Amino acid sequence: MSPESTGQNEHYLRVLRRRFRTWRGNRPFWAGLFTMVGGLPIAYFPYANMHLGNITLAMSTTAGAGSLIIGVLLITLGLTMWFHHIVRVFAGVAAILLALISIPVANIGGFLVGFLFALLGGALSISWAPGEPKPDPTDTGAQGLKTEDAGPGTQEPEPEFHSTAAVPQQQPEQYDTTVEVDGGRHRAG
């Protein structure tokens, strides 16, 4: 064991935090979170009762089932953004449409709180793109130089791939590109 290895002495909370940061960076985390937070007030307010002293104020509407469905769908879309980020554009568009539908159906979109969070989450999901991995600065090129050591105006050489197994190379098919007398139409037609 070398004195530089800190893996065994590292605190488990630091390890969990680093793993969470890596997980969060590979998906539209904030888009999913905002979409789920937007779904909660949309689903909750039509079924909530506020007590003001002896007065009970019920905010339920005739479209309570519709707002529950919209809220549950928004929460599901937020989870989809987290765990299946390949369909992030579809989930973002669906979240925006459900947020817009929640305005007339679910108490003005959960009193505009759920509407704004769902709209922001959908927009973030559409605009999110996976990042490219950063090149390792200690990685050496084909000439044994570090990328910082290369002079100005020099290009990095393309990496060469060497294979021990012989792989046959495919040759492109040769097509006849001459124009025929009939204007290039098929002979049968």
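The model is predicted, so to speak, with local features needing pLDDT of at least 70 and side-chain atom pairs counting only at pLDDT 80 or more, while totals for chains, interfaces and linings use all residues. Residues are numbered from 1 along each chain as its sequence is written, and side-chain values use heavy atoms, without hydrogens and water.

**First stop: α3 and α4**

Select residues 64–83, helix α3, and residues 88–105, helix α4. (Helices are DSSP runs of H or I, at least four residues, numbered from the N terminus.) Their axes come within 10 Å and cross at roughly 160°; axes are lines fitted to C-alpha atoms over the stretch in contact, and angles run from 0 to 180 degrees between N-to-C directions. The two helices are therefore roughly antiparallel (an angle over 145 degrees).

Now show side chains. Residues of α3 including Ile70, Leu73 and Leu77 meet residues of α4, among them Ala91, Leu98 and Ile101; contact means heavy atoms within 4.5 Å. This contact has 11 nonpolar, 4 polar and no charged residues (Ala, Val, Leu, Ile, Met, Phe, Trp, Tyr, Cys and Pro count as nonpolar, Asp, Glu, Lys and Arg as charged, and the others, Gly among them, as polar).

**Second stop: α4 and α6**

By class, the contact of α4 with α6 has 12 nonpolar, 4 polar and 1 charged.

Methods
Parallel < 35°, antiparallel > 145°, perpendicular 65-115°, else oblique.
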